[in-house]
Structure formats: C-alpha cells, structure tokens
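Please open the structure in your viewer and keep the selection tool at hand. The tour moves from one stop to the next, saying each time what to select.

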Amino acid sequence: MSHQCSHGHIHPNFSQGLLTPEERRRMAIQLTLAMTTVGLILLSLLWRTLSPAQSAISDLLAGVAWLIVAVPVFRAGWHSLRHPDLHGVTDLLIVLAMLGAWALGDLITAALLPVLMIFGHILEERSVMGTRQAIAGLTKLTRSRTRRLLSDGTFENVDSLSLVVGDTVEIRAGDSVPADGKIVSGNASLDVASITGESVPQEAGPGSLVFGGAINLNGLLRMEVTHTGAQSTLGKVIALMKDAEQAKPPITRLLERYASHYLILVLLIAASTWFLTYDSQAMLAVLVAACPCALVLSAPATAMAGIAVAARHGILIRNAAFLEELADVDALIIDKTGTLTQGRLHVVDSLLVSGVVYQDVLALAAALGATSSHPVSHALAEYVKKEHQPALSNVEEKQGLGVVAETQSGIALMGRADLFAAYSVPLIPAPDHDGPIVGLAHNGQFLGWLLLADTLRPEAAEALKSLETLGIERRLLLTGDRLSAANQVAQTLHINEVIAQALPSTKLHEVQKAVNAGWRPLVVGDGINDALALKAGAVGMAMGANGADIAMVSADIVLTGSDLRRLPTAIRLSRKCRRTLLVNVFIGLGWTLLIVSAAALGLLGGAGALIAALLHNLSTLMVLANTGRLLQFDETK
C-alpha cells in the first residue's frame, strides 16, 4: 500500500533509491485510501450513535471501510509469504491481527489497524528522506544552462549535459560550473560547499582545477572542460551516495537472518495468551505490539542520517558498514605525497647573488618554466602571470639539463649545474636541500638558486593531533618517497613510524601485517600505488580532490576535498552514529518487549489492539526523534 506496492510491501523499504513519480502516486493512493477508511469508520460510528436500531447500515459502512484497506494488506502479506524479509514480518502480523478482528466481528478494529500502521509508515518514509533529498539536490547541480564558446568566437547557450571534454565555456558571476574543468582565463571565488563541505570559498584563476556544481560568486571565468557526467567529481559523488543508500547496515542483515524465527516466537506468545486468558483482544494486541517497526527502522534511519551528514561534510561513505567500522579504528597508516603534502612543488627558499631582485628572478623562472614540460618547470610557471613575464624567443629545452632561451637583454638559462658549465657561467655553491634545486643565469651572469619542495598541508598537524585525542595512538607514514624526505615530514608531524621507498606490494604487506597484529588501521592515500593498501585496511579512505580514480574506487570512504581535518570529523561522526544506533535499538527492542508484555497481560484494555498500534507508532516516533539529533552534527565551519 505504500510506494512499495510495486513489490508488495505495505512497509517502506529503505534500501530503495529516489521516489519515482510512480512511487509518489502510489503513496498518494495509500494516503487517500487511509483517509477514506477513516471517514467511513467515523460515519459508521455516527450512524450507530444516531440510529442504534439500524446497526446493519453501520456494520455495512465498517465492512466497506475494511475492504478498502484489506485488499492491499492481503497483497502485501501474500508477497511477504513468497519473498520473506524483515519488513514482511510486520505485514504478516498486521494481516493476522486484521483477520482475527474480522473473525471476532470487530470490523472497526479490523479497518483501523492497517490505517494506523499506514500513517506510521508514511511518517517513517518522510523522516528518512534526508539522503534521498541530498542526492536529489546534488543531481540538480549536474544540470544547468551554460555558455559554450564556438570556433568563430561567439557563444551559444547549451544544456550542461551536452558538453564534451575539450569544450570551452564561459562562467559568469552567479552561474554554476557546468562540469569539471581547468580555468583558462579570469579570476573568481567559487562556493564549493555542496561538493567538498568547505565553507570557505575556493579562489580560482588560470590553471586552477574546479569542480562541476560549484557556484561562481564573482568574476568572469573561461574554463576548458576536462570531465563530464558520471566521470565528473559530482557524478562520482552522486554514484557513491546512491550505492551507500542502497547498502544494508550489518545489524539489519543480522535481524533479517532471524526474521522467520521472530515471527514464530510472536505467534507462540499470541497463542499462549489466548489459551491462558481466553482474551481475544489481548491476543490481537500481542500481534500488533510485536510488529518490529521501530527495531527495523533503527539501523537504516541511523545509517542514512549518518551518510547524509557525512556527505554534507564532503565525506562520501560507500557502505553503511564502513560507517560502523570507522568507529573502531585505532591506528593510522597514511601516504605522504598528495595526502599529508599538497602533491605540488613550491618554492620554499632561495639563494641569490648579491644585488639580484627576487621578483625578477621569479619572473624569469616562470617564463622559462612555461616553455618546458618538466614538473619543476610547471611549478615555477604558476608563480608569475604571463603578462608580467619577460618575452622569450628561440627557446630550446636541453634534455636532462634545463631550458635555454633568448630575451631582449641576452641569453637566459635555467636548470642544473651542468647546464651553466656548458655555457661557461660561473656558479655560487649550491645549498644542501632535500628536494629539487634550480639555478638561473641571464646574459652570462649567474643569478642564484631556487629551492623547491612539496609542502605539508597547512591543516596536517591539527588533524593528526585531533586523531591522537581520539585514541589513534599508532601512526605509520608509508610512502614511496625517499627516506630523508619522509623523515622530515614525520618529524614535523610527530609520526614515530616511517617506511619509505615502499612499492605497492610493500604497502599492502605493511597494512596486512598491522591487521594481523590486531590493529584496526585507517589507511589514507590518493595514488595508484595506494589502491592495494586501501583495500587491505579496516577502512580505506581516499583523498578525492586530486586522487587517482583507482584509489577512489578501492577506498571505502572518499573525501571530496583535501582537508585532512575531515579524518577526525569522520571518526567522531561514526562514533556518534554508533551511540545513536545503540539508543535506537534499545528503544525499539525495549519498547516492543514492554508493550508485548502489557498486551499479553491484558493491561491494554478492551481496545488493546488499537492501543498497541498507537503505542507502536510512538516507539517509531521516539526512534526518529533520536535519529534527528544526529542531523545536528556540524563541523563544517
């Protein structure tokens, strides 16, 4: 009778996706039937009060009311017999209670029982729509109108779904970014909160990689499309959320395993109540009171609320089971490059010849770097805008040495010491530095050395300190980088275990060794070489902003941004979810035992079945109210 009538249940199945128009229509029909039944029952009671002598008409109205709800209830019960599952227990108990009331001639109770359950189920369905609405909201972000640049320099307004990789689009202030892309020109602030959970706007300029679904707060941007549709960051976010919503929490799978045993136990209690008391209302009340809706609802409602809250923080959880696993982690195994560090080279120091201006050296380095495909050159090219770079001609990249070019003032050189020796340029001694070193010379004069390194993420120390307060005492830095670079990062972040120059197989072995030693490690990485390790840990978490696709596929949890503070946030959320689930299970189990006991002892009175139905819905309300507290969790600021 609910939107699940397509497969028979009158109880909503929370593993389904977004409500389709057909499902919404069925829900509307369900509500209409319930309201019609209530109207007929009230009319029956009114007729009986005003004209007691014509009780047949009153019984006829009650009988029609019963028939309206009986047909879909029987359909649900028949489906539950053919395809047993957890929700089917409630369907079968309601069918038995309704048949019992009908056999006893209590048509009003027979009609009201399913009506009360329907209202409770509609309440449940509306209360667990948080994740579905979050998915719907994200899906809307994937569809927008955008201005695509044509070959003749004009623009056309197109649907974002029609974009292909390589298209250039214009994004004005207030527009949504239509797909993942790279900024070609312009500067603006982007609101990325819907994707990464970050409340601080992202500054975008030439060369910046941006997410589809972000909102341009100011400025005018031109962007080259790099990923569209399901391959875009937002598309992957939606796919992960849908997968998570459809997955069943472990406790739900446990309850389903014993669903048939529970039904037999309830029938035995109801039968015993009848034989010991000969009280038919008490027997019916036991059947209704034993409907395990609150207990069944406790795990899915908690899991869906937790997944929705996590998504709001830019944490995508692939399966509700990993939300529970995360609460138990007691060790951290983390990659360095691109995870603890930003994964990009930055100028961290310089050693210049006396009298040389640093900004002039940086401008020359940026101009020369823009002509080379070397990663170091790429890093230098981003430091100075093109309009502020000196003009170059006759550029030549000398493999393994550096770059040579002509300027208006003479020949410019950038590269290793061997390059300057080849051009007879005298050098100053290179400083000791654990990372790339680049020298520059102009018109025969050596200018100095630029020292580059992959810098730590600014929030890394704070994130690891928070993890320590959460009981994550063992921390292992597992990297393929050099030992000296790994030790420097470990010393800065107070990580006491380091394994460097690790191949993917080495990383897998170290994670397995930690698991075999009794640890439950959270493995965090972003690269192709982390994929095996992510799969082997108790929980694998991938950095999604710049992470490799295989790492995100292998991970159990994906961070849509690169903020390491989301690690402790995820653990705190998982532990709060566990506490919420325990309270929900206690409410569902404790309340059911309480009202079943009261029903069996005849304490619910002459209208025991209806009172049991009302009390049953009260337990559902308590579970939903407790779950609602979880939705207030907020660490996005």
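**Stop one: the largest cavity**

Helix 22 (residues 566-600) provides the largest share of the lining of the largest cavity, namely 4 residues. Before going on, note that this is a predicted model, in which local features need pLDDT of at least 70 and side-chain atom pairs count only at pLDDT 80 or more, while totals for chains, interfaces and linings use all residues. Residues are numbered from 1 along each chain as its sequence is written, and side-chain values use heavy atoms, with hydrogens and water left out.

Helices (H or I, at least four residues) and strands (E, at least two) are DSSP runs, numbered from the N terminus. A cavity is a set of points, on a 1 Å grid over the protein atoms alone, where a 1.4 Å probe fits but cannot get out, and lining residues have an atom within 4 Å of a point. A volume is the space filled by probe spheres set on the points, which are joined across faces, edges and corners.

Select Thr302, Leu323, Glu324, Cys577 and Leu581, which lie nearest the centre of the largest cavity among its 11 lining residues. This cavity holds about 100 Å³ of space.

**Stop two: the second largest cavity**

Now select Ile333, Ile334, Asp335 and Lys507, which are among the residues that line the second largest cavity, a space of about 50 Å³. Strand 20 (521-525) gives the most to this lining, with 3 residues.

**Stop three: the second largest pocket**

A pocket, in contrast to a cavity, is an open set with protein on both sides within 12 Å along at least five of seven lines. Select Arg344, Leu345, Ala453, Asp454 and Thr455, which lie nearest the centre of the second largest pocket among its 26 lining residues. About 670 Å³ of space lies in this pocket, and strand 12 (341-352) brings the largest share of its lining, 5 residues.

**Stop four: two helices side by side**

Finally, select helix 10 (residues 280-289) together with helix 22, whose axes come within 8 Å and cross at roughly 170°. Axes are lines fitted to C-alpha atoms, for helices over the stretch in contact, and angles run from 0 to 180 degrees between N-to-C directions. Helix 10 and helix 22 are therefore roughly antiparallel, a term used for angles over 145 degrees. To see where they meet, display Ala282, Ala285, Val286 and Ala289 in helix 10, and Thr592, Ile595, Val596, Ala599 and Ala600 in helix 22; contact means heavy atoms within 4.5 Å.

Notes
Angles under 35 degrees count as roughly parallel, over 145 as roughly antiparallel, 65 to 115 as roughly perpendicular and the rest as oblique.
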